[in-house]
Amino acid sequence: MSPERATILYIEDDETVRESRAAFLEMVGHKIVLEAGNLEDAEKSIDLIGKYGVDVVLLDANLSKKDTSGKDGVYLLSKIREAHPGTKIIGISLGQDIQGVDANCHKREGLEKLNEAISNI
């Protein structure tokens, strides 16, 4: 992956947040190849990481808010690590750090911090 350009899977259940951040990331040169807004779509997307050459997964830690299975972003983290151990993962949250990711980025930190986190991993 070039630090200037990453191929990204973005898993975020808040559609407004996901779409605005994805638009920004594309504007600064990254490529969003997959987006998932719920657990079911995210699980399907994990199977496509290799096919699309995903460098970085942006993973919403609180994905489970709308899911009744009890699974959440941490569950997805383990599934991604198992299937694609070399893929970099940035945990996205409202303030708490996620254990086991390559970097954490809090939603309130802004878009430049997110871009910086992608470039630094």
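Helices (H or I, at least four residues) and strands (E, at least two) are DSSP runs, numbered from the N terminus. This is a predicted model, in which local features need pLDDT of at least 70, side-chain atom pairs count only at pLDDT 80 or more, and totals for chains, interfaces and linings use all residues. Residues are numbered from 1 along each chain as its sequence is written, and side-chain values use heavy atoms, with hydrogens and water left out.

**Figure 1. Thr-7 in strand S1.** Strand S1 covers residues 7-11, and Thr-7 lies in it. Thr-7 has a relative accessible area of 13% and is therefore buried (buried means under 20% relative accessible area, exposed over 50%, partly exposed in between, with a 1.4 Å probe and protein chains only). When neighbours within four places in sequence are left aside, Thr-7 is in contact with Lys-31, Val-33, Tyr-52, Gly-53, Val-54, Asp-55 and Val-56 (contact means heavy atoms within 4.5 Å).

**Figure 2. Arg-18 in helix H1.** Arg-18 is found in helix H1. The relative accessible area of Arg-18 is 10%, so this residue is buried. Not counting residues up to four places away in sequence, Arg-18 touches Tyr-10, Glu-12 and Asp-13, and also Glu-35, Ala-36 and Gly-37.

**Figure 3. Packing of helix H1 against helix H5.** Two packed helices are described by the angle between their axes and the distance between the axes. For H1 (residues 15-27) and H5 (residues 111-120), the axes come within 11 Å and cross at roughly 60 degrees. Axes are lines fitted to C-alpha atoms, for helices over the stretch in contact, and angles run from 0 to 180 degrees between N-to-C directions. H1 and H5 are therefore oblique to each other (angles under 35 degrees count as roughly parallel, over 145 as roughly antiparallel, 65 to 115 as roughly perpendicular and the rest as oblique). The crossing of H1 and H5 is right-handed; a crossing is left-handed if the near helix is turned anticlockwise from the far one by less than a right angle, and right-handed if clockwise. From H1, Arg-21, Phe-24 and Leu-25 meet Leu-111, Glu-112, Leu-114, Asn-115 and Ile-118 of H5. The residues of this contact of H1 with H5 divide into 5 nonpolar, 1 polar and 2 charged (Ala, Val, Leu, Ile, Met, Phe, Trp, Tyr, Cys and Pro count as nonpolar, Asp, Glu, Lys and Arg as charged, and the others, Gly among them, as polar).

**Figure 4. Ile-118 in helix H5.** Helix H5 contains Ile-118. Ile-118 counts as buried because its relative accessibility is 0%. Ile-118 and Ile-89 are 29 residues apart in sequence, and their C-alpha atoms are 9.1 Å apart in space.

**Figure 5. Packing of helix H2 against helix H4.** Helix H2 (residues 39-46) and helix H4 (residues 73-83) pack with their axes 10 Å apart, at an angle of about 10 degrees. H2 and H4 are therefore roughly parallel to each other. Leu-39, Ala-42, Glu-43 and Ile-46 are the H2 residues that meet Tyr-75, Leu-76, Lys-79, Ile-80 and Ala-83 in H4. The contact of H2 with H4 divides into 7 nonpolar, no polar and 2 charged residues.

**Figure 6. Context for the close-ups.** The protein has 5 helices and 5 strands, and from the N terminus on its elements run β-α-β-α-α-β-α-β-β-α. Along its principal axes the C-alpha trace spans about 35 × 30 × 25 Å. Of the 121 residues in the protein, 43% are buried.
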